[in-house]
Amino acid sequence: MAEAEEILDDADLEYKIIDSVFKENMPKGYVVDQMPEPFDLVKDGRTIYLTINASNAPKVEMPDLVNKSMRQAVSTLTAIGLKYEVSYRPDICIDCVLAQMYKGRAINPGFTIAKGEVITLVLGQGEAVSDSTASDSAASAKEDEDDSFF
């Protein structure tokens, strides 16, 4: 934005930021669009209207993905602008979401999170669960709940 200000000032033009959008692949403050278009002839002292890349990603509400299929969960996360990674835990259900994690901690549905953040989907491996594995898995799930985001 500083570069745009300098160029407009040198050309004796004013500017006004009329909108901002968030594009993850562009630097913060980057001029995304302008009106009139670049290289259009403009009289001195006129105002150029700018749309810039927002400095902060918009927030989205974390959905409830537990007990959904991996396919449903991935589709939901992608639709709202979140990224994902997967990890597996022994469970009889294949690719069922057992837990949803953010930065190593369970994240509850409804928690507000910035678009572009990475959610870890803990999925079932589809392995038969023995009694000792089932109790270990239940204890692990309880630990995830105790260490969750609000």
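A residue is called exposed when its relative accessible area is over 50%, and buried when that area is under 20%. Keep those two cut-offs in mind for this predicted model.

Start with helix α2, which spans residues 70-80. Two exposed residues, Arg-71 and Ala-79, sit on the face of α2 turned away from its buried side. Which residues of α2 are buried? They are Ala-73, Val-74 and Leu-77. These three cover an arc of only 95° around the axis, so they lie on the same side of α2. The spacing fits a general rule. An α-helix has 3.6 residues a turn, so residues three or four places apart point the same way.

What do the buried residues of α2 pack against? Their partners are β5 (83-89), β6 (94-102) and β9 (118-125). After α2 comes Gly-81. Its phi is positive, near 90°.

Now turn to strand β3, residues 47-53. Thr-51 belongs to this strand. Is Thr-51 buried or exposed? Its relative accessibility is 13%, so Thr-51 counts as buried. Set aside its neighbours within four places in sequence. Thr-51 is then in contact with Ile-18, Asp-19, Ser-20 and Val-21, and also with Tyr-30, Val-31, Val-32 and Asp-33.

Finish at helix α1, residues 2-10. Asp-9 is found here. With a relative accessible area of 58%, Asp-9 is exposed, because the cut-off for exposed is over 50%. Where does Asp-9 stand relative to Gly-45? The two are 36 residues apart in sequence. In space, 9.5 Å separates them, C-alpha to C-alpha.

Notes
Residues are numbered from 1 along each chain as its sequence is written. This is a predicted model: local features need pLDDT of at least 70, side-chain atom pairs count only at pLDDT 80 or more; totals for chains, interfaces and linings use all residues. Side-chain values use heavy atoms; hydrogens and water are left out. Helices (H or I, at least four residues) and strands (E, at least two) are DSSP runs, numbered from the N terminus. Buried means under 20% relative accessible area, exposed over 50%, partly exposed in between (1.4 Å probe, protein chains only). Contact means heavy atoms within 4.5 Å. The arc is that of the directions from the helix axis to the C-beta atoms.
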